[in-house]
Amino acid sequence: MNIILFGPPGAGKGTQAKKLVEYYKIPQVATGDILRANLREGTELGLAAKEYMDKGELVPDEVLIGIIKNRLTEADCEKGFILDGYPRTIPQADALGEILVEIEKPIDVVLNFEVPDEDLVERISGRLMCKCGASYHKTFNPPENEGICDACGAEVYQRADDTADAVQNRLDVYKKQTQPLIEYYDETGVLRTIDGTRDINVVFEEIKAILSEFA
Ligand code: AP5
Ligand code: MG
């Protein structure tokens, strides 16, 4: 199964991706997580991406296209993948289309999470992250032991781009550069829209129902 999780910052892409990985045993390919891992390791790529990420701007397309091409051709994507945070621009979507033709893995479904801006800001400002990619919320989804990741036991932290200014910019950038992809994928008939305001498990049940059509 080849899936794209689509939606604004804070819509719940990462949260649902983790549940899908566990349920379907296919990998999450989250470009934000890949960039943050590079930053932690101090790679050239990570350092170059930091200035964009901290401001809530998109990292240039050519960088992301290179990352995604390498990642989707790794062996663990053979049975399918969950794209989270990619594509975010029309050129990224066009490049993805070409890569997927080459590796003969068409997208089955694009799940588009809809959540109003007020909720997104509340979610992002209370978010706690782990370096393993797990995502929590101080109120809506706290880890079982305060400050500690349920999945890997590491300490959770607040993301550097979860500041008020960067969040507002991320929402603006989403509307200008990423939202046009809704029409792009709707035209190809793969788009399914999900009300992302409901409880995490209710959203997950709906996703499973949709995906059962493709299994
Ligand atoms: P990225 O890491 O992809 O961040 P994002 O798109 O801004 O999305 P988020 O991770 O903030 O939101 P999410 O939808 O995953 O929400 P989550 O599940 O965590 O990108 C970061 C940066 O990297 C970009 O700004 C850019 O600079 C760069 N980048 C990455 N990809 C790129 C690309 N392709 N091109 C160019 N640049 C790129 O949930 C959020 C919070 O809400 C959590 O606290 C969670 O617990 C809570 N929550 C989740 N679901 C619910 C629910 N149903 N009810 C209540 N609370 C919920
Ligand atoms: Mg995320």
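I began with strand pairing, taking two strands to pair if DSSP finds at least two bridges between them, and taking strands (E, at least two residues) and helices (H or I, at least four) as DSSP runs numbered from the N terminus. The model is predicted, so I kept to the rule that local features need pLDDT of at least 70 and side-chain atom pairs pLDDT 80 or more, while totals for chains, interfaces and linings use all residues. Residues are numbered from 1 along each chain as its sequence is written, chains are lettered from A and ligands numbered from 1 in the order written, and side-chain values use heavy atoms, without hydrogens and water.

**Entry: strand 3**

I looked up the partners of strand 3 and found that strand 2 (residues 28-30) runs parallel to it over 3 bridges, with valine 29 opposite leucine 83. Strand 1 (residues 2-6) also pairs with strand 3 in the parallel sense, over 4 bridges, and there isoleucine 3 stands opposite isoleucine 82. In strand 3 (residues 81-84), Phe81 and Leu83 point one way and Ile82 and Asp84 the other, and all are buried (under 20% relative accessible area, 1.4 Å probe, protein chains only).

**Entry: ligand 1**

I then counted 35 residues around ligand 1, the closest being Thr15, Glu57, Arg88, Tyr136 and Arg170, where near means a heavy atom within 4 Å. Helix 2 gives the largest share of this shell, 4 residues. Among polar contacts (N or O pairs within 3.5 Å), I noted an oxygen atom of ligand 1 at 2.6 Å from a side-chain N or O atom of arginine 170, and a nitrogen atom of the ligand at 2.8 Å from a polar backbone atom of arginine 198.

Definitions and conventions: Polar contact = N/O pair within 3.5 Å; in protein donor to acceptor, adjacent residues only side chain to side chain. Buried < 20%, exposed > 50% of the residue type's maximum accessible area, 1.4 Å probe, protein only.
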